[in-house]
Amino acid sequence: MTILFSTIAVLLMIFLPLGLAVWLRQRFAVPWLLFCVGMLTFIGSQTYHIPLNNWLTDLGVLGEVSADAPGLWQTAVILGLSAGLSETIARVLSYAFLFRRKLAERFEAGVLVGLGHGGIEAMIIGVFTAGSLTALWAIRNVDLSTLGMTVAELTAVSQQLAALLQTPWLVFAAVFERLIALTLHVTISVLVWRAFKYRQVWPVLLGALWHSVLDATAVYTAQFLDILWVELILLGLALPGAVWLWWQWPVPTKMQPGLSWRDELALWGTAVGKELQEQWRTRRAVVMVAVFVLFGLASPLIAKFTPEILKSVPGAEQFAGLIPEPTAADAVGQYIKNLTQFGFVLVILLGMGAVAGEKERGTAAIILSKPLPRWAFLLSKFVAQAVVYLVALLLGTLAAYYYTLVLFEPLAFGPFLFGGLLLWLWALVFAAATLLGSTIGKSTGGAAGVALLGAVLLLILGGFPQVSSFFPSALVGWAAQLGLPGEVPFNGAALSANGVLILAFLITAVALFERQEI
């Protein structure tokens, strides 16, 4: 039950805000761009909020956060003010941008911006929650006294581990806390929207104060009360905002007649089938499968016979002796290396013209003149590519497994196959980034440049140890260990973080595509 409850909780934190945004978008026809602005509002606020807290800590203004810490209430107040002011300033800047371009004239716009703001925070916290839960699960059978922790750390970890194993349902308290925070973010977002709509100052001040009080209360009460009591207190602070939103909620009207969600899903399914046929007719799917299978077959062969090849080269015999006897680990490593060195380039080549090419040829305008939603047009291309990569990586992984079995020793089939699925997720991150680049680019060449820049940026960020576990490189390192002897811990942070990256790229692509003239 622990694994089940933890998985459900993390998925709710990631997908619940997105589901609410989809519902609002369908009911009120508000543009996805507002959700993206909300996401950027939160991310932008943290670029100065976190350094501000670090600076205040260095100055000694912020003290330790614990029940017996001196000046705890002052620290809680300052932390609350820091969060409230930082995020409110970012909201003000975002609405200044939106109102200048007349993109946030309606009440629902403020709600969707708030869902984006609180939604990306919930997704990020979901990622950290997944990482914390999997880290605790990995040490459930370990003697904690051997891990070199301080007494305070040992006590905290022991309590967290006991709660995870004995009361796994408590993980849903984190989901409940995210719902409270999401309600707060939407309320304050609408307050700031009202300030711009009616040219009033008090809603901004009220929003900043409300946010500060709730955050300060959370910091202070968490040191003395059980988590359920803390959540109830926070609910009491956020509940007036929910009631106010209910009173302010407009009668649902659409900007223009639209399709029902069932009709949209049916059209999307038809578009996915059309894209899969296109992948087959143009032989892109065949080429991708052939290349990945070739990687799977050739990698164990290269690992096995590289020393023999060196021995046969005149003058290179002395280097052959420096190469250790190849093992199954070398075969797996060679497969991962070949795939990651060339795979992302293939993904970019396959996807760079998905949208930009159709805009260049004029086929996008013809297709969209029919009752096909733009999101369905865009996501059908991503799903078709995902199916092709799944088949290609599955067959390539099976080929690598077979030749490793023949040339070396057996690998653990289940874990090795799961490693192939991780590589598929790795490819999907670059596919989503490429689709975003193809949406931004006005030509196929421009799309290729944007996509390549995004892919290189992902690779560079994955090289920084501080954040490497949240980028595609973490999936590669995890997959390289699976199937080999030894226990490999589950990396929930890498899995959830890259899933969030895919969602962020796709949402942004849809938001931009909705605003483009075709």
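Visitor: Is R178 buried or exposed, and at what relative accessibility?

Guide: In this predicted model, R178 counts as buried, because its relative accessibility is 9% and the cut-off for burial is under 20%.

Visitor: Which side chain does R178 meet in a salt bridge?

Guide: The side chain of R178 meets that of E121, with 3.0 Å from N to O. E121 lies in helix α4 (residues 107–138) and R178 in helix α6 (residues 172–197), so the pair ties together parts of the chain that are 57 residues apart in sequence. E121 likewise counts as buried, at 13% relative accessibility.

Visitor: What network do salt bridges with shared partners make here?

Guide: Through salt bridges that share partners, E121, E177 and R178 are joined into one network.

Visitor: How many salt bridges does a search of the whole structure find?

Guide: The search finds eight. One of them, between E514 and R25, has its closest N and O atoms 3.0 Å apart. Since E514 belongs to helix α19 (residues 492–515) and R25 to helix α1 (residues 2–28), this pair ties together parts that are 489 residues apart in sequence. R25 counts as partly exposed, with a relative accessibility of 25%.

Visitor: And K381, which side chain does that one meet?

Guide: K381 meets E275 in a salt bridge, at 2.9 Å from N to O. That pair links distant parts of the chain, with K381 in helix α15 (residues 374–407) and E275 in helix α9 (residues 261–281), 106 residues apart. K381 is buried at 3% relative accessibility, and E275 is buried too, with a relative accessible area of 6%.

Visitor: Changing topic, how many helices and strands are there?

Guide: The protein chain has 19 helices and zero strands. Among the contacts with a separation of 6 or more, 81% are between residues 24 or more positions apart.

Visitor: What radius of gyration does the chain have, against that of a compact globule?

Guide: For 518 residues a compact globule would have a radius of gyration near 24 Å, and the protein chain has 26 Å, which agrees. Along the principal axes, the C-alpha atoms fill a box of roughly 80 × 65 × 40 Å.

Visitor: Last one: how many positive and negative side chains, and how far apart are the centres of the two sets?

Guide: There are 28 positive and 27 negative side chains in the protein chain, and the centres of these two sets lie 17 Å apart.

Note on methods. Residues are numbered from 1 along each chain as its sequence is written. This is a predicted model: local features need pLDDT of at least 70, side-chain atom pairs count only at pLDDT 80 or more; totals for chains, interfaces and linings use all residues. Side-chain values use heavy atoms; hydrogens and water are left out. Helices (H or I, at least four residues) and strands (E, at least two) are DSSP runs, numbered from the N terminus. The radius of gyration is taken over C-alpha atoms; the globule rule is 2.2 Å times the number of residues to the power 0.38. Contact means heavy atoms within 4.5 Å. Lys and Arg count as positive and Asp and Glu as negative; His and the chain ends are not counted. The place of a charge is taken as NZ of Lys, CZ of Arg, CG of Asp or CD of Glu. A salt bridge is a side-chain nitrogen of Lys or Arg within 4 Å of a carboxyl oxygen of Asp or Glu. Buried means under 20% relative accessible area, exposed over 50%, partly exposed in between (1.4 Å probe, protein chains only).
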